[in-house]
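User: I've got this two-chain model open and want to go through it with you. Can we start with a few single residues and then move on to how the chains meet?

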Amino acid sequence: MIRQLFILSSKGDPLLFRDFRGETGDDVVNVFYQKVTALPGDQPPVVMTLRDLHFLHIRQGGLYWVATTTADSSPFTIVEFLNRLAALVKDYCGGLSEKSVQMNFALIYELLDEVLDYGHIQTTSSDMLKNFLQSEAVSSRPFSLFDLSNVGLFGADTQQSKVAPSSAAARPIQASREQGGRSEIFVDVVERMSVVVGSNGVLMKADVEGEIRVKCFMPSCSEIRIGLNEELSIGKSQLRGYGAAVRVDRCSFHQGVRLDEFDSHRILRLCPSQGEQTVMQYQLTDDLPTAPPFRLFPTIERDGTGRLILFLKLRCDLPPKSSAVNVCASVPVPKGAVSLSQELSSPDQSAELQSQNRAVVWQIPRLAGGTQLSALFKLDVPGLSSASMLEVGPVGLSFELPKFSATGLQIRFLRLSPVQPAPSQRWVRYVTHSDSYSIRI
Amino acid sequence: MPYLGGEETVRELKRALSNPNVQAEPLRYRNTVLRVVRAMSQGVNVSGLFSEMVKACATVDVVQKKLVYMFLCSYASLNPELSLLVINTLRKDCQDPNPMVRSLALRNMSNLRLPSLVEYVEQPLTAGLRDRAACVRRVAVLGWAKLYNLQPGSDIDAAVVNELYSLLRDPDPVVMVNCLRALDEILKEEGGVVINKPITHHLLNRMKECDVWGQCEVLRVLQRYRPQSDDELFDILSLLDASLVSPHPPVMAATLSLFLSLCADLPAVSLAALERVSGPLLAACGSGSREMRFTALCHIQLLMRSVPGLMGPHFKRFFCGYAEPAYIKQRKMQIMVELVNDENVSMLLDELKGYCTDVNTDTAQAAIQAIGHIGRSYSDRCLEILTGLLGLKQDHITSAVVQTLRDLVWVCPQCSDTVCSALEGCEETLQDSQGRQALLWLLGVYGDGVSSAPYTLEAFIDGVKSEVSLGVKMELLTATMRLFLTRPAETQDMLGRLLHYCIEEETDMCVRDLGLLYYHLLKCGIEETRNVLQGRRSDPSLGVLIGRPAQPISQWACSFNTLEPLKKGGTVTQTASRGSPEHEASKPKTAVELPETLDCSTISPIPLFWKCWRLKLSVV
């Protein structure tokens with residue numbers, strides 16, 4: 001049971017407040033924010049208690065989503081609910097930010113009223129909710145020249161229109177009802193890797209958490225069929241087909257997915273509701289089908305003048321056609337490092353010393369498969385001792401691999417049935433993120 | 001936060017709301033109402049606009065209606081008389097052909113929270129229970145719960161309760177679940193909604209129709225049911241097996257809760273359920289939402305109290321991601337410590353070693369403590385890591401290492417040689433009082449093994465005047481006394497100076513008393529002193545080191561799926577805030593013996609202080 005629910009900006013401004021039971025005072029928002037600011041760091045614990053007030057919060061889109069509740073409530077339920085609420089707000093407002101919440105507060109109040117009654121969760125299905133919500137979403141996306149880049153000269157169709165911009169799915173779902181919203185469906189295969197590579201280059205751990213998300217902007221969509229790789233096998237023992245099998249350890253499906261063709265042909269059938277939903281989740285542990293995407297060859301030494309010299313070679317082992325974007329390597333350095341001099345192999349890279357995080361952060365906007373980059377960092381560390389080398393800890397990499405799935409899962413086809421009367425667009429996207437990719441030195 | 005310029009805004013909004021031109025244009029009218037509600041949610045007191053908003057409520061625009069109702073519900077308690085005017089509009093809306101308008105009116109009517117209006121609300125609520133549209137029935141059912149909570153102690157209308165029980169058979173699953181919730185609140189004093197066999201079976205059969213939230217509610221209510229036979233029990237269990245491994249963590253947790261309460265007398269079945277649930281729980285640990293990860297981790301810790309080996313094969317899943325928040329990292333380390341065995345110890349230690357230099361000092365200290373904990377079983381490897389960390393010469397790391405070494409030596413006395421050789425030079429980096437206390441304790445107890453111990457203590461004694469920490473001063477006294485017993489020639493002079501300072505100059509009563517106590521103890525003779533001060537060097541209660549014994553499930557079953565496991569500290573006791581390990585020992589033997597070893601007749605010289613420290617002794 002949820003007594004109150006409020007949304008705070010990261011600076012503590014109340015954006016929304018709703019009291020469902022009228023049992024406790026109104027100053028809970030301040031009580032919560034005082035508790036948050038009283039703590040060191042910016043990571044307050046998920047549950048905070050003051051007398052009989054129990055605050056449970058999540059962070060999404062830079063906002064605090066807070067519920068006050070009773071001590072015997074299920075944390076799983078409330079955390080899941082807050083996540084779902086944030087997803088709904090994102091669906092209806094087209095994005096999650098302080099600004100979009102502020103601009104659409106009437107819509108969100110309306111949503112909250114339908115989702116919670118007297119603190120009890122009623123429904124969070126967007127199919128049900130769309131009948132009740134009347135307010136129009138206000139899109140907060142500023143006008144940008146980039147939006148025009150897809151339109152060719154004099155409206156001619158260019159090659160570029162075959163590729164949807166990454167922001168295409170960030171729009172309110174309800175706009176599709178009237179005013180020219182395109183009838184589109186996005187199927188995304190999103191994977192998160194967490195990898196630990198030992199100091200000798202041996203893979204210590206490699207986990208992949210993946211999901212297939214469907215984001216539907218069609219006013220009425222009866223059924224879609226998503227075909228996965230036919231040789232996909234689930235579990236350790238099962239093997240299908242010949243050659244390189246695509247394997248996952250566990251998978252689970254959304255309630256609405258019909259699996260009658262899954263065993264024979266690996267086809268998922270479902271009737272998507274508007275907005276975003278996770279259709280399938282799967283995990284793969286310790287058995288990547290390909291080599292890990294990055295390898296790092298570090299050399300660390302002290303030169304005569306007490307400077308620390310880091311020479312890093314980063315090799316991208318992706319297939320030559322794919323590439324990694326927004327690669328960022330963070331190398332922990334000894335405390336007290338004062339200045340950094342750098343030699344990078346190409347001008348688009350950058351590196352800086354973040355003394356607050358005690359790390360050198362090396363940014364690489366794009367790294368193509370099969371290539372190698374190097375960087376030489378010289379750090380002035382007063383009082384550098386041989387023991388300080390211990391502080392040069394595991395290197396953390398964060399990256400995005402567009403058009404790549406680490407498990408090898410592919411979508412063979414995406415069919416709408418019956419065929420839509422209006423022209424509809426279907427998009428399939430793959431992306432692999434780093435959840436945590438650390439390489440020990 | 002009071003919003004500056006609020007009054008001006010309210011005046012301006014009032015003008016706009018009562019402007020006939022604005023009222024004539026629906027869109028402008030709605031926008032003005034929107035501005036009022038926006039001001040309200042920003043914390044401006046707009047209660048002064050109540051009568052204008054009541055007028056704005058009579059409109060055909062549903063969006064405007066919703067906004068006005070929200071405003072009215074927030075301020076109704078301040079304007080009970082004016083609220084009466086709204087009731088008419090609301091009652092009219094309850095007759096509207098559009099079910100959405102009916103449910104909206106009914107919900108807000110019951111949300112006004114005014115006891116004086118109850119009589120007007122009852123009739124529409126009764127009608128609402130029999131409405132054709134499910135969305136109206138949903139609202140009406142919860143409306144009764146709101147009504148009863150508004151007038152605590154009032155009689156419960158048996159007819160309504162019966163009607164609600166019969167609505168458990170409503171075709172709409174949300175109405176059914178709302179009935180459970182409403183009955184639970186109305187019949188709170190009688191122990192909530194009655195769950196008998198037919199209701200249980202009805203609910204179980206209809207669970208499939210409910211969404212995740214409804215299923216959780218049904219599972220929660222079913223915990224009250226006691227099956228009449230073993231056959232029935234196992235039928236229920238097998239029916240629920242699919243939800244036990246549900247991909248939705250809330251359903252999985254609620255089902256396990258129900259399993260544990262149903263099988264309280266069948267430990268074997270409960271253990272099997274824990275095994276089964278470990279898969280989905282692990283999956284939740286890898287969830288994209290870090291709050292969900294944290295929740296799952298805390299509950300895994302709970303499960304591991306009964307099945308320590310539950311997660312053994314999956315220890316790699318608990319390696320920390322470098323960008324994870326500190327609260328997750330600390331829980332993961334607590335779990336990793338529990339999972340150590342001969343095969344994985346080197347991997348786990350390698351991983352933990354990486355966290356010791358984390359930017360977040362709490363994480364770094366927790367990692368060092370975790371290594372110390374593993375050191376109880378694998379002391380050589382851990383000591384190597386810990387002593388290596390001392391070379392970093394960073395205050396927070398050195399402090400955590402010294403404290404960890406102290407705790408380690410207390411349970412594994414065989415490590416003392418390595419520890420002694422590592423202690424040299426630590427005092428230069430130590431800053432905080434916890435770390436210095438730990439160092440002093442070690443120097444006192446193992447001073448014979450540290451060649452520079454007297455010099456270190458001397459430096460402390462020279463600086464005692466500027467020392468602020470009470471704990472450090474007390475520890476310094478005891479350590480110097482102990483060192484005096486093992487190395488009298490080097491320590492005698494400085495002990496004299498320290499005792500003189502403590503008795504003559506120190507202003508803190510505790511330190512002065514302890515100084516006096518030691519002074520008189522020394523007068524009793526060296527043997528007496530030795531008896532008192534050279535007690536145990538290690539924890540006698542520890543025999544062979546074994547893992548934590550498995551607890552029965554009933555010890556934690558009631559806190560499963562509540563907020564309890566998520567609270568700070570969790571299941572593992574924090575050892576951070578104490579001076580020396582004896583303070584934690586189960587039997588404070590030395591303290592009990594103290595009065596006997598003292599002969600009161602010998603303490604004549606300073607009679608003035610006698611009273612004070614007798615007080616002190618009785619406190620001990």
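**Residues first, then the interface**

User: Which helix is F105(A) found in?
Analyst: F105(A) sits in a helix of chain A that covers residues 105-115. This is a predicted model, so to speak: local features need pLDDT of at least 70, side-chain atom pairs count only at pLDDT 80 or more, and totals for chains, interfaces and linings use all residues. Residues are numbered from 1 along each chain as its sequence is written, chains are lettered from A and ligands numbered from 1 in the order written, and side-chain values use heavy atoms, leaving out hydrogens and water. Helices (H or I, at least four residues) and strands (E, at least two) are DSSP runs numbered from the N terminus, and the helix with F105(A) is α4 of chain A.

User: Is F105(A) buried or exposed?
Analyst: The cut-offs are under 20% relative accessible area for buried, over 50% for exposed, and partly exposed in between (1.4 Å probe, protein chains only). F105(A) comes in at 3% relative accessibility, so the label is buried.

User: How far apart in space are F105(A) and L16(A), C-alpha to C-alpha?
Analyst: F105(A) is in contact (heavy atoms within 4.5 Å) with L16(A), and also with L34(B), V37(B), R38(B) and S41(B), leaving aside neighbours within four places in sequence. F105(A) and L16(A) are 89 residues apart in sequence, yet the C-alpha to C-alpha gap is 7.2 Å.

User: Which residue's backbone oxygen does the R21(A) side chain reach?
Analyst: R21(A) is in the loop between β2 (14-19) and α1 (28-38) of chain A, and at 7% relative accessible area R21(A) is buried. Residues touching R21(A) include R113(B), N149(B) and E185(B) from chain B. A polar contact is a pair of N or O atoms within 3.5 Å; within protein, one must be able to donate a hydrogen and the other to accept it, and residues adjacent in sequence count only if both atoms are side-chain atoms. At 3.2 Å, the R21(A) side chain reaches the backbone oxygen of Y118(A).

User: What is phi of Y118(A) near?
Analyst: Y118(A) lies in the loop between β6 (116-117) and β7 (120-121) of chain A, buried at 6% relative accessible area. Most residues other than glycine have a negative phi. Y118(A) has a positive one, near 55°.

User: N326(A) has a positive phi too; what is its relative accessibility?
Analyst: N326(A) is in strand β18 (residues 323-332) of chain A, with phi near 50°. N326(A) counts as partly exposed, because its relative accessibility is 46%.

User: What area is buried between chain A and chain B?
Analyst: On contacts, 85 residues of chain A meet 78 residues of chain B. Buried area is the accessible area (1.4 Å probe) that two parts lose on being put together, summed over both. Carbon and sulfur atoms give 56% of it, and the total is about 6900 Å².

User: How many salt bridges are counted between chain A and chain B?
Analyst: A salt bridge needs a side-chain nitrogen of Lys or Arg within 4 Å of a carboxyl oxygen of Asp or Glu. D435(A) forms one with R293(B), the closest N and O atoms being 3.2 Å apart. Between the two chains, the count is ten.
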